[in-house]
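Subject: Structure handover

Hello,

Here is the structure to look at, with its sequence. My notes on it follow below.

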Amino acid sequence: MDWLNDFAPLSLTSSDALPELMLTHLNSWGVVTLVGDDTKSYLQGQVTCDVVQLDKSGSTFGAHCDAKGKVWSVFRLFHHNDGYALFEPKSLIEKQMAEIKKYAIFAKVEITQSNDALLGLFGEQAETTIDNMSEERGDVRQISGGTAVKIDQKRWLLLLDEGTAASLVKQTTAKKVEESLWRRFDIEAALPILEQNDQCEHIPQAINLHALNGISFKKGCYTGQETVARAKYRGINKRAMFIIKGQADNEIGDNVDLERAVGENWRGAGKLIAHYRFSDGETIGLVVLPNNLESDTQLRLSSQPESIWSIQPLPYSLDDE
């Protein structure tokens, strides 16, 4: 698979313009597929989103929770081939697969981790490019070799067999970039990103899933529903996911500890669950914090206390209604 070596870093400051069309290999992401006669009803009883109401031309966020309502995985769900696909960080899949398979023996459903290639096509020309690949005009389209899924106005996910993916990478005129740039877009859109270390740490509302239409409060029972419903109707959720921005002297690792200012002192505030660092040191990230924090609360990395970080506006409302 020599085509996997075609993607190179793209050094950008926070003010640099982006290429009009980019392509990346989403190496740290994976897909769980479910097929079989009982797939729709089985998934409906496992996840927070409404599988029954999902049209073939659309996708939805959702979460798979444990019995206490803590999230095993957060994913984008869409129709793929003859079943469904869950697009999620690859590190979540091992534990999540074990959990979601627990009751599959009683249903006609086959659950596997897909071997298809995951590519991200993004930039101002992304949708025009997808339009040329399919006569369909929905947010989820069947294309040669697989499925194209609209992520936002400038991004499309491509789930393709290896041969089709290799041909596309070879023939494309798009700038081939490393997948870190895709994560930048996720962070700027405040889309929840959980990795293995974050499994069973948060309820869905703490990672803003209700604000992204990833929770149905009208569907039937599913694992963890009692906690999720209580968080809405009794107001027990006290956490939310925020975008934060600051300077980092060097590339920082995963699960970096954060502190927040409390008067003249500093207290632990959680961990940076995802981040992207520009070449000029400006860094953006996602963190779960108390949802009643003042918007001007100062933050800092515990490993780099000299740099003050700030909370940024979310691109959507956190209100339940």
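Strand β9 (residues 146–152) runs antiparallel to strand β10 (residues 155–160), and 6 bridges join them. Gly146 stands opposite Leu160 in β10. This is a predicted model, in which local features need pLDDT of at least 70 and side-chain atom pairs count only at pLDDT 80 or more, while totals for chains, interfaces and linings use all residues. Residues are numbered from 1 along each chain as its sequence is written, and side-chain values use heavy atoms, with hydrogens and water left out.

Strands (E, at least two residues) and helices (H or I, at least four) are DSSP runs numbered from the N terminus; two strands pair if DSSP finds at least two bridges between them.

β9 is also joined to β8, antiparallel, by 4 bridges, with Gln142 opposite Thr147 in β9. β8 and β9 form a hairpin with 2 residues between them, and Gly145 in the turn has a positive phi of about 90°.

These strands belong to an open, mixed sheet of 6 strands, ordered β8-β9-β10-β7-β1-β11. β8 (140–143) and β11 (175–176) are the edges; each has a single partner strand, so one side of each has no neighbour in the sheet.

Helix α4 (residues 162–171) lies across β1 (22–25), β7 (117–122), β10 and β11, at about 135° to β10. That angle is between N-to-C directions, on a scale from 0 to 180 degrees, with axes fitted to C-alpha atoms, for helices over the stretch in contact (heavy atoms within 4.5 Å).

Separately, Glu259 lies in strand β13 (residues 256–262).

Regards
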